[in-house]
Amino acid sequence: MTLRRFAGLGALLSLISPGIALAQDVTLDSGDTAWMLTATALVLFMTIPGLALFYGGMVRSKNILSVMLQCFAIAGLMSILWMAYGYSLAFDTTGMEAGVTNFSSFIGGLDRAFLSGLTPDSLTGTVPESVFITFQMTFAIITPALIVGAFAERMKFSAMLVFMGVWFTLVYAPIAHMVWGGDGGLMWDWGVLDFAGGTVVHINAGIAGLVACLVLGKRKGFPTTPMAPHNLGLTLVGAAMLWIGWFGFNAGSSLGANGTAGMAMLVTQIATAAAALGWMFAEWLTHGKPSALGIASGVVAGLVAITPAAGTVGPMGALIIGLASGVICFFCATSLKRKLGYDDSLDAFGVHGIGGIVGALLTGAFAAPALGGFGEVDNIALQLWIQLKGVLFTVVYTAIVTFVILKVIDWLMGLRVSEDEETVGLDLSLHNERGYNL
């Protein structure tokens, strides 16, 4: 099994999908299983409570419950959709063949709908298939939840639920299949390196967030009315939870307690620390003072950027990826956003979209053994082109489909709350609750 295959998860599908014959005899490994159970819990911890607190602290006090409720509701909705058909659409390999582009290269079938065929003895590699299913479910949960940060404080709760359900079906599941689906998957066959979701999760969510904030328009009063985060303490706590949980996200993508998991953990820590410092010093030099919001954002930028590279880059590559993502995401989330005038409320695009692109591209270079990596990259220029092609395809596909979904939902039921509801705050106007009763 090659490192790229292992990193992409796709080769293991030969052990679980009815569409491909059993490749080899496998047995359950208790150590691998224990680690994957832990990693799965860590990734869920990233969304609830991590992302909920991270986003909740950044909005105004009148909207804290709305953004946290959205994270919890998405966790519930995605869990059921993943069980019903998402896992099958993403990982069913029926009809796929290496080097052949057909309908199955873009989306899986429904042979595994409602987890058909799953038993307590089903294995994915050396861990129970049920654990693999749950692990991947947590990825399907956090990806749409990340989009919430782009349109926070202005989308109807009902429209948000419909949008997330349709987006998961038409965008997340196909991209996951194309990247991680194994031989015959479109971007898999191109050779795109994405260890833990730089393309599938972060570019996907970041671009969808940018489209969503443009379609909905700016918040009432933006940018002239101050809209400062109401509780940066919550945001820092959320960022800390994301940092810790991300070890499950990246090291867990090795699907075992092994050397790849250990290296993924190390490079995740290095890149995150470098990005936090990179953002902090860039802000310090530009604005005269470092900020708590800045270092929290830098932490997430580094976590995002190392995600596609975690299984293939070495420590020095991680250091460079972290520094680059911290500095670049700082300028994109501040200067670029002000210059272009879009209202990405909590910088979902500036951090996740840009950070994911930086990480995906730099993976093409630093996965090469010549630059200290551990990937099967002999021709760096060629791999950079492959990574760029994967990024461009994801950007275009996600942007177009997300735009169409939003426009249809807007036509059918409306996307945005009324001006009065926005003024009062979504906590009270949509949920009849207050985050703070003083």
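Helices here are DSSP runs of H or I with at least four residues, numbered from the N terminus. The model is predicted.

One such helix is α9, which holds both Phe281 and Trp284. These two residues are 3 apart in the helix, so about one helical turn separates them. Their rings also form an aromatic pair. The ring centres lie 5.8 Å apart, and the planes meet at 5 degrees. Planes under 30 degrees apart count as stacked, so the pair of Phe281 and Trp284 is stacked. Phe281 has a relative accessible area of 42% and is partly exposed. Trp284, at 41%, is also partly exposed.

A second pair is formed by Phe330 and Phe331. Here the arrangement is edge-to-face. The centres are 4.9 Å apart, with 70 degrees between the planes. Phe330 is buried, at 1% relative accessibility. Phe331 is partly exposed, at 36%. The cut-off for burial is under 20% relative accessible area.

Across the whole structure, the search finds 19 aromatic pairs. One aromatic cluster is made up of Trp82, Tyr85, Tyr87, Phe91, Phe132, Phe168 and Tyr172.

Trp82 also marks a bend in the chain. Helix α3 has a kink of about 65 degrees, centred on Trp82. The helix covers residues 64-91. Its end C-alpha atoms are only 36 Å apart. A straight helix of 28 residues would span 40 Å, at 1.5 Å a residue. Most of α3 is covered, with 20 of its 28 residues buried.

Attention now turns to the empty space. A probe the size of a water molecule, rolled over the atoms, shows where such space is left. The largest pocket holds about 720 Å³. Its lining consists of 30 residues. Closest to the centre of the pocket are Met227, Leu293, Lys337, Ser345 and Asp347. By type, the lining divides into 13 nonpolar, 9 polar and 8 charged residues.

At least two residues each come from α9 (259-287), α10 (292-306) and α11 (315-340). The most is given by α11, with 4 residues.

Notes:
Residues numbered from 1 in each chain as written. Predicted model: local features only at pLDDT ≥ 70, side-chain atom pairs only at ≥ 80, totals over all residues. Heavy atoms only, no water. 1 Å grid on protein atoms, 1.4 Å probe; cavity = no way out; pocket = protein on both sides within 12 Å on 5 of 7 lines; lining within 4 Å. Points joined across faces, edges and corners; volume = space filled by probe spheres on them. Nonpolar A, V, L, I, M, F, W, Y, C, P; charged D, E, K, R; others polar. Expected span 1.5 Å × (residues − 1). Bend = angle between axes of the 7 residues up to and from the residue. Buried < 20%, exposed > 50% of the residue type's maximum accessible area, 1.4 Å probe, protein only. Phe/Tyr/Trp six-rings, centres within 6.5 Å; stacked < 30°, edge-to-face > 60°.
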